[in-house]
Amino acid sequence: MTNTLNRELSNRHIQLIAIGGAIGTGLFLGAGQSISLTGPSILLTYIIVGFVLFMFMRAMGEMLLHNTEYKTFADIAHHQIGPFAGFVTGWTYWLTWITSGMAEITAVAKYVEFWIPDLPNWITSLSCILILMAFNLTSTKMFGELEFWFAIIKVVTIIALIIVGIVMIVFAIQTPFGHTSVANIFNNGSFFPHGASGFFMSFQMVVFSFTGIEILGITAGETKNPERTIPKAINSVPIRILLFYVGALAVMMSIIPWQDIDPNNSPFVSLFALIGVPFAAGLINFVVLTAASSACNSGIFANSRILFGLSEKKQTHHLLMKTNRKGVPYIAILVTCALLSITVLLNYLIPNATQVFFYVTAISTILLVIVWMFIMHSYAKYVKSHPENHKKSAFKLPGGINMARMGIVLSPIWFILLALIYLRYTRKARKLEANNQREK
């Protein structure tokens with residue numbers, strides 16, 4: 001037994017892990033609701049959030065390449081700000097993935113119901129955890145292989161939708177919603193049909209859909225040739241966001257006008273059904289099943305490495321740093337899977353998987369944003385502490401320390417704005433409910 005991690009992730013693993021991290025189940029299932037609440041301005045939301053997250057990734061990438069011995073971004077916070085910052089960053093990110101992992105495992109159970117409605121959710125949840133645990137215990141390379149193929153499935157599905165959609169738009173195909181045209185995006189009301197509040201409320205949904213984009217910072221310690229691989233993966237983030245999110249949603253709204261998109265159904269299912277794919281619902285169910293499994297797989301990997309790093313810094317039990325002969329922190333993986341198994345109990349006690357899903361996703365997004373803020377603060381400290389290294393870096397954050405400070409300052413303002421808009425919506429909902437009660 002050793003206490004070291006092995007660099008087993010190749011360039012193709014890292015590229016597809018980066019793609020997979022940027023494409024969550026939210027795109028396949030939640031896009032309909034996002035579009036109905038926001039309208040065409042959802043495209044702008046994805047561009048803005050995508051830009052901000054690209055800047056975040058560049059900052060993280062610069063620091064990872066400054067010291068290739070960093071295993072996770074908790075190590076970055078520990079080294080740049082101090083041990084307590086590393087402790088808070090590590091444990092906060094750990095909690096983010098525990099809650100997200102529980103949600104995704106529950107989602108897997110929900111998707112399996114599509115084919116086997118009589119199978120109890122807790123059996124599906126337990127099976128998912130055991131299978132992914134077995135793969136993660138095998139080797140880091142096996143984790144990379146799983147993520148590679150999970151990402152391939154998502155990418156092929158999105159590209160197929162975009163190609164078919166473009167053909168339909170070019171030939172102005174007649175559908176039950178009229179002729180397909182890019183004009184459908186703009187011809188049916190304002191670009192901001194629900195005003196500023198509707199536009200701003202979409203940011204929370206979009207941020208959540210990018211959960212996992214930062215997983216690249218966890219793989220750094222086990223990546224072959226990080227100096228070449230990491231910049232390549234990060235620099236491709238904007239193209240991926242424009243293609244997979246903005247491109248896919250623009251094609252959807254060109255074929256089905258945004259106000260005709262059913263918020264309760266996946267627009268992917270609607271579009272594939274529209275072009276005559278008889279198994280459209282089953283196909284998309286398979287894709288989101290693999291997307292949720294991918295998120296679970298990433299959660300097990302990320303949390304085991306976070307626990308390994310915290311143990312290395314003597315901020316949790318020393319046994320969590322133990323690795324097997326393949327360089328896998330097996331005790332950290334077993335502990336992570338044991339905690340995720342709480343979901344099995346929840347699914348046993350609460351048969352409604354959707355209800356469990358909402359219980360455990362309530363805090364994930366805000367925890368993740370807190371981690372992102374710590375990383376940007378670490379970057380600001382890094383630039384001040386290592387000005388020469390920053391100056392010589394071949395992979396700088398555009399805008400440098402000013403860009404990092406902007407993110408740190410704007411984040412609290414952003415949360416206050418969201419809270420005010422949320423209060424406005426809840427007051428409206430209460431008034432509407434009170435009026436309905438009086439009418440009865």
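Helix H7 passes helix H13 in a left-handed crossing, a term used when the near helix is turned anticlockwise from the far one by less than a right angle, with right-handed used if clockwise. The model is predicted, so local features need pLDDT of at least 70 and side-chain atom pairs count only at pLDDT 80 or more, while totals for chains, interfaces and linings use all residues. Residues are numbered from 1 along each chain as its sequence is written, and side-chain values use heavy atoms, with hydrogens and water left out.

The axes of H7 (residues 140-170) and H13 come within 9 Å and cross at roughly 150°. Helices here are DSSP runs of H or I with at least four residues, numbered from the N terminus; axes are lines fitted to C-alpha atoms over the stretch in contact, with angles from 0 to 180 degrees between N-to-C directions. H7 and H13 are therefore roughly antiparallel to each other, the word for angles over 145 degrees, whereas those under 35 count as roughly parallel, 65 to 115 as roughly perpendicular and the rest as oblique. In the contact (heavy atoms within 4.5 Å), H7 contributes residues including Phe143, Glu147, Phe150 and Lys154, and H13 contributes residues including Phe286, Asn297, Phe301 and Arg305. The residues of this contact divide into nine nonpolar, seven polar and three charged. In this scheme Ala, Val, Leu, Ile, Met, Phe, Trp, Tyr, Cys and Pro are nonpolar, Asp, Glu, Lys and Arg are charged, and the others, Gly among them, are polar.

The axes of helix H3 (residues 42-66) and helix H11 (residues 237-255) come within 10 Å and cross at roughly 170°. H3 and H11 are therefore also roughly antiparallel to each other. Among the residues in contact are Tyr46, Gly50 and Phe54 of H3 and Pro238, Tyr245 and Met253 of H11. Their contact comprises 14 nonpolar residues, one polar and no charged.

Helix H5 (residues 83-112) and helix H6 (residues 121-138) have axes that come within 8 Å and cross at roughly 120°. That angle makes H5 oblique to H6, and H5 passes H6 in a right-handed crossing. Ile105, Val108, Ala109 and Val112 of H5 make the contact with Asn121, Thr124, Ser125, Cys128 and Ile129 of H6. Six of these residues are nonpolar, three are polar and none is charged.

A search of the whole structure finds one cavity of 30 Å³ or more, a cavity being a set of points on a 1 Å grid over the protein atoms alone where a 1.4 Å probe fits but cannot get out. The largest cavity has a volume of about 40 Å³, a volume being the space filled by probe spheres set on the points, which are joined across faces, edges and corners. Its lining residues (an atom within 4 Å of a point) include Asp75, His78, Phe87 and Lys313.

Methods:
Helix = DSSP H or I, 4+ residues; strand = E, 2+ residues; numbered from the N terminus. 1 Å grid on protein atoms, 1.4 Å probe; cavity = no way out; pocket = protein on both sides within 12 Å on 5 of 7 lines; lining within 4 Å.
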